[in-house]
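Visitor: Hello! I am new to protein structures, and I would like to learn how to read one feature at a time. Could you walk me through it?

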Amino acid sequence: MRCVTAGIMGLIIAASVPHIVRSDVLDDIAAAGVITLGYREDAPPFSYLSDLGEPEGLAIDLCRTAAGEVREVLALPSLAVNYQPVTAADRFDGLTEGRIHLLCGPTTQTLSRREMIDFSVPYFIDGSSVVFRAGPVETVEDLAGQAVGSLKGTTTEIIVTELSAERSLDLIEMTYPTHVAGLKALEDGEISAYFGDQAILRYQLGQLRPVVPLQFSPNQFSFEPYALAMKRGETRLRLAVDRALSETFSSGAIYTMINASLGEVTLSDLALAVYQIVALPD
């Protein structure tokens, strides 16, 4: 009887204790007056370090817009923006360990990644493809038994493994820390092909201007919806980011941003449609 009474009293006491609301990342940002954006230095035109040593790119511009919305939500007179470089390999650790608040880069939203982190609405649609050394290789099947490359820690790395198995290609898979390193390896003949997202590869090749002729495959091997990422469960931050992106899409400002970052590009019908489809009404 005494044990039952003690148990009941424990429940009464627990019920009478005020519910403690867990502070979230917006509370941390408000307290510090700073939002930290994680960015990659090697993923132009979406996220990179400019010649002036400043973070630039389409994803960076969108994150700055989101930071402005966060400032409005928190009713702060000002909000400092801190930039923290990350790599393709450690970018998600930066979120889960709290070193960055928002990940700004060409990050593909997948279901497996959503088990670890949260994403905004998509801001760009791309797809993985492959670049060959012009000559004997004309199709993916011509790569059988040869060395190919991709960026370490990306969905493309997984796609190459699956493609090799599905088509019995027995590819020798190499990974590189940056796209520049991978494309240089292709140019130097260390690998026969390099896989990556089309928009990034086309931009990089335009900057590198390789001496050895390289050619794109006409095939696309995946659908890559890029989104901004944040720590899982930060619903207030995600709402602020989605509101900022939706307003940017609905107003048409996204097209000015794209032209500034990617140049005068011709977007596919799918890429154009995404801004009408994913923009959420207020």
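Guide: Gladly. Let us begin with C104, which counts as buried because its relative accessibility is 0%. Please keep in mind that this is a predicted model.

Visitor: Which residue does a disulfide join to C104?

Guide: First the general idea: a disulfide is a covalent bond between the sulfur atoms of two cysteines. Here, the disulfide joins C63 to C104, with an S to S distance of 2.0 Å. The structure holds one disulfide. It links distant parts of the chain: C63 sits in helix α3 and C104 in strand β6, 41 residues apart.

Visitor: Is C63 buried or exposed?

Guide: C63 counts as buried, because its relative accessibility is 0%. You can also read a handedness: the angle about the S-S bond is -105 degrees, and the link of C63 and C104 is left-handed.

Visitor: Let me try a loop. Where does I100 lie?

Guide: I100 is in the loop between α4 and β6. With a relative accessible area of 2%, I100 is buried, because buried means under 20%.

Visitor: Which residues does I100 touch, beyond those up to four places away in sequence?

Guide: Among them are T36, L37 and G38, as well as Q84 and V86. R91, G94 and L95 touch I100 too. For a sense of distance, the C-alpha atoms of I100 and Y48 are separated by 16 Å, and these two residues are 52 apart along the chain.

Visitor: Now a helix, please. Which residues of helix α10 are buried?

Guide: The general idea comes from the helix turn: an α-helix has 3.6 residues a turn, so residues three or four places apart point the same way. In α10, which spans residues 269–278, the buried residues are A271, V274, Y275 and V278. Seen down the axis of α10, they fall within an arc of 100 degrees, so they line one face of the helix. On the other side of α10, D269, Q276 and I277 are exposed.

Visitor: What covers the buried residues of α10?

Guide: The cover includes strand β8 and helices α8 and α9.

Visitor: Last, how do I read a pocket? What lines the second largest pocket?

Guide: Look at its volume, then at its lining. The second largest pocket has a volume of about 190 Å³, and its lining includes F92, D93, R113 and M116. Helices α4 and α5 each give two or more residues to that lining. By type, the lining residues divide into five nonpolar, five polar and two charged.

Conventions
Residues are numbered from 1 along each chain as its sequence is written. This is a predicted model: local features need pLDDT of at least 70, side-chain atom pairs count only at pLDDT 80 or more; totals for chains, interfaces and linings use all residues. Side-chain values use heavy atoms; hydrogens and water are left out. A disulfide is a pair of cysteine sulfur atoms within 2.5 Å. Helices (H or I, at least four residues) and strands (E, at least two) are DSSP runs, numbered from the N terminus. Buried means under 20% relative accessible area, exposed over 50%, partly exposed in between (1.4 Å probe, protein chains only). Contact means heavy atoms within 4.5 Å. On a 1 Å grid over the protein atoms alone, a cavity is a set of points where a 1.4 Å probe fits but cannot get out, and a pocket is an open set with protein on both sides within 12 Å along at least five of seven lines; lining residues have an atom within 4 Å of a point. Grid points are joined across faces, edges and corners, and a volume is the space filled by probe spheres set on the points. Ala, Val, Leu, Ile, Met, Phe, Trp, Tyr, Cys and Pro count as nonpolar, Asp, Glu, Lys and Arg as charged, and the others, Gly among them, as polar. The arc is that of the directions from the helix axis to the C-beta atoms.
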